[in-house]
Amino acid sequence: MGALYDSKSKTLDDKGIKNLLSQDAKYQAWLTVEAALAKAQGELGVIPVAAATHINEKAQIENLDFAKMDEIYRQVGHGFVPFLKVFVAACDAESGKYIHFGATTQNIQQTSQNLIAKQIHQEFKQFMLEIMGNLINLVKENAETIMAGRTHGKHAIPITYGYKASVWLSELMTSYERLEEVEKRIFTTMMGGAIGAFNAAGEKGIAVQTRVAEILHMPAMAIPSRNINAPKIEYINVLALLANNLHKIAEEVFQTSIEEFGEVSEGFAKGTIGSSTMPHKINPKLSKGIIANAQKLYSLTSVGYYSAARPFEADSTTNMLFDGIFTEALELMTEILMRGEELTRTLEVHRERMYQNANINHGLDNSEFIMMKLAAEIGKDQAHELIYELAIETELSQKNYAEVLLHNEKIQQVFKKNEIEELLKPENYIGLSVQLAYDTAKAAEKLVAKAQRQGDEVYV
């Protein structure tokens, strides 16, 4: 099983990714890579040009006899040879002799997987640009929306919701940079033959690999060893970090949409059912799917580390495992991004409730504000000691904080009643929340605009 799906999965746009992960797409990618190999070999005089041309003409999935392929699978017990046999049969006898010339199974399969993954990667980046666009709007619209900042699950000091969302936006910008940085290492071409040392291809092997890389728009591996799997682990790690960014948003929405918080809620369409027994239930379906799929994605990298360390020049256990976890990572990331896009686009912010919650402690959250003002008169240490005593007295006695402050002689010497009242308002102690929110939104707008201006390369 790949990603974790529910009814919500059926309503989301996957941008064609699920088709790219289909069996048909896999077979077409194999054909595309075999055709690129033949084309390169024809140009470099390794095989006849006419054979290379014919192979390219026939490299379409509709030319494969899948019934015959299945029959051969049952006979030979090999995962790739049946495909080769029906492809050879689809070509004329002379051209068929030059299919898969000097290559090995993993050359085609790994290069093909990278080819598909590269196309999916572009859709991942597009999802990210859309999510960042959604968050830019969320940040700007809520740059001044007052709420309680929380640490260790308790109220800390006031912030704005725009500031909170700017933290998410900042992390996504970093993840976007990671996605771009990893491209040159993961989406590569491998044509080194059985061991990766060009034994069958000889001196022309490197030139052939270079040309195949040009045709597929994927750089050639410096050493096309089948035992190099670190780039795949790195890519899954990059996806896991991106998943973690969206997981953080989902956790926050999941928690703060609870009625006791009531600060946000997922977008809701009338007719959606939350429970088969409780008619009133409106559940955080987008968030739960992000959380579950992200948690599963995190587990894949550790498995990869163990398998990547297997000895010798190739190992079918490693091939099998990485084929599985790499595809699974793509499926999981697709589900996370689809949900993340809709969640960030349709999230409802309940500003009045946020402000009510920011005032739930009746000004205690602004204790640092009062302390810093007082420190200018009596010093930081004494100010901290005094405000601590008064704040704890308020907590333990359930008295009104403003009254406790105003009954203290030292406080009376420094502040007037109206000054205390102003110092206790959450909107008066949000630091640079507004500025940081707008600054982050502006930086993100530049990143998104640059990406859109440059345009993502369309891969073969």
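Is E335 buried or exposed? E335 is buried, with a relative accessible area of 1%. Buried means under 20%, exposed over 50% and partly exposed in between, with a 1.4 Å probe and protein chains only. This is a predicted model: local features need pLDDT of at least 70, side-chain atom pairs count only at pLDDT 80 or more, and totals for chains, interfaces and linings use all residues. Residues are numbered from 1 along each chain as its sequence is written, and side-chain values use heavy atoms, without hydrogens and water.

**View 1. A buried salt bridge joins R339 and E335.** The N to O distance is 3.1 Å. A salt bridge is a side-chain nitrogen of Lys or Arg within 4 Å of a carboxyl oxygen of Asp or Glu. Both residues lie in helix α13 (residues 316-346), 4 residues apart, so about one helical turn separates them. Helices are DSSP runs of H or I with at least four residues, strands are runs of E with at least two, and both are numbered from the N terminus. R339 has a relative accessible area of 0%. D6 and K288 join E335 and R339 in a network of salt bridges.

**View 2. E180 meets K125 across two helices.** Their side chains form a salt bridge of 3.6 Å, N to O. E180 sits in α8 (residues 161-186) and K125 in α7 (residues 105-141), so the pair ties together parts 55 residues apart in sequence. E180 is partly exposed at 37% relative accessibility. K125 is buried at 3%.

**View 3. R185 pairs with E181 in helix α8.** The closest N and O atoms of this salt bridge are 3.3 Å apart. R185 is partly exposed at 32% relative accessibility, and E181 is partly exposed at 41%.
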